[in-house]
Amino acid sequence: MLYFDNAATTVPEADVLNSYMKVNQKFFYNPNSPHAKGIEAARLLDEARAQIKQSLQLNDETILFTSGATESNNMALKGAAYQKRPFGKTIITSVLEHPSVLEVMRQLEVEGFTLKYVNVTKQGQIDLAHLKSLLDSDVILVTCMQVNNIMGQTQPIQDIGQLLADYPKVHFHVDAVQALGKQPISMSGIDSLAISGHKFNGLKGQGLLILKNAHALQPTIHGGGQELGLRSGTVNLPNNVALAKAVRLAINNQEQLVAHLNHINHSIRTRLENYPGIVVNSPKNASPHILNISFPGVRGEVLVNAFSKRDVMISTTSACSSKHAKINEVLNAMQIDKTNILGSIRLSFDHHTTNEDVTLFFEKLKEVYQEVEELLRK
Ligand code: PMP
């Protein structure tokens, strides 16, 4: 089986699974319990937080453990919007965002906030001049992903942060799910940042919300007051310790991984040139773990099935939206031809992807290509 769907999820690292198991067996205690074992568990939780801070070179930031980026995005965006409501009601986002951001935006709009979408360039970049023109004294929240999950393009997060420095009222949230382990994460100019463990060989159900200021959000989950009152519920200590390990491994291996991914990505792009009609959609400077391509004239779903039948796992656009048969908004915003959008697939890699995998992929691609060649618009 060839797994080229690492942007949807990655295989857990053995060390991460081991620490999850070990902590579950030895420290199943509740870190909120007042007894000696609870105190030990609380110490371990503090250590996990400290380790994440160290790995990400953070200082005074607050680390909140969540169940994943969907929860982190919800918590940050709703929490910041409610907190800032007395000062304005305009929120800025773009159509590039993941549904775990866009659906929150739509909900906030229903609740009375004003939603504005910043324009996107053909390269899939946020149009900074347009963003500047949208900024006024009513804006309280701006949200932007660091790396896009469908095309892989990176946003100018630091430039946006600098632009927003003139608007101190604005809370700037970053969805860094597809960035961690592939490029540096910085909190400079950023108020909150969301991460999901399973995208970098951690486990499903592991997330982080990093906050510049612990008081920036109104709680949206109420209860026993854990995680500074922002995320009540018994702390999942084994999960959090394992996440700290996954973060450390991802950061330590980042340089090596990026070099490897660049090599894999380049090798696939080069070999695709032998297949007239196939179009590469991902911009050249996209994160190398994602490569979006089109077979114009053939439907993405047909391609996914044809590859799946041959034991090659790829994705149409993103796993989250590929079941909804509507035109992909990200590719549409990048002014990609409709035929190419409908015929697009996403290949995504991690450190397990080998040269042999690439060779095998092209053996299968050759078969699929021959099968659909008649439909292909060259
Ligand atoms: N943001 C981005 C950019 C993503 O790719 C994903 C996962 N597809 C999420 C947020 C949501 O993460 P999770 O499903 O782990 O909550």
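Helix axes are lines fitted to C-alpha atoms over the stretch in contact, and angles run from 0 to 180 degrees between N-to-C directions. Helices (H or I, at least four residues) and strands (E, at least two) are DSSP runs, numbered from the N terminus. This is a predicted model, in which local features need pLDDT of at least 70, side-chain atom pairs count only at pLDDT 80 or more, and totals for chains, interfaces and linings use all residues. Residues are numbered from 1 along each chain as its sequence is written, and side-chain values use heavy atoms, with hydrogens and water left out.

**View 1. Helix H9 packs with helix H12.** The axes of H9 (residues 300-309) and H12 (residues 355-372) lie 10 Å apart, at an angle of about 130°. H9 is therefore oblique to H12 (under 35 degrees is roughly parallel, over 145 roughly antiparallel, 65 to 115 roughly perpendicular, the rest oblique). From H9, Leu303, Ala306, Phe307 and Lys309 make the contact (heavy atoms within 4.5 Å). H12 contributes Phe361, Lys364, Leu365, Val368 and Glu371.

**View 2. Leu228 has a positive phi.** Its value is near 60°, in a residue other than glycine. Most residues other than glycine have a negative phi. Leu228 sits in the loop between strand S8 (207-211) and helix H7 (237-252). Leu228 is exposed, at 59% relative accessible area (buried is under 20%, exposed over 50%, partly exposed in between; 1.4 Å probe, protein chains only).

**View 3. Asp311 also has a positive phi.** Phi of this non-glycine residue is near 70°. Asp311 lies in the loop between H9 and strand S11 (312-313). Its relative accessibility is 43%, so Asp311 counts as partly exposed.
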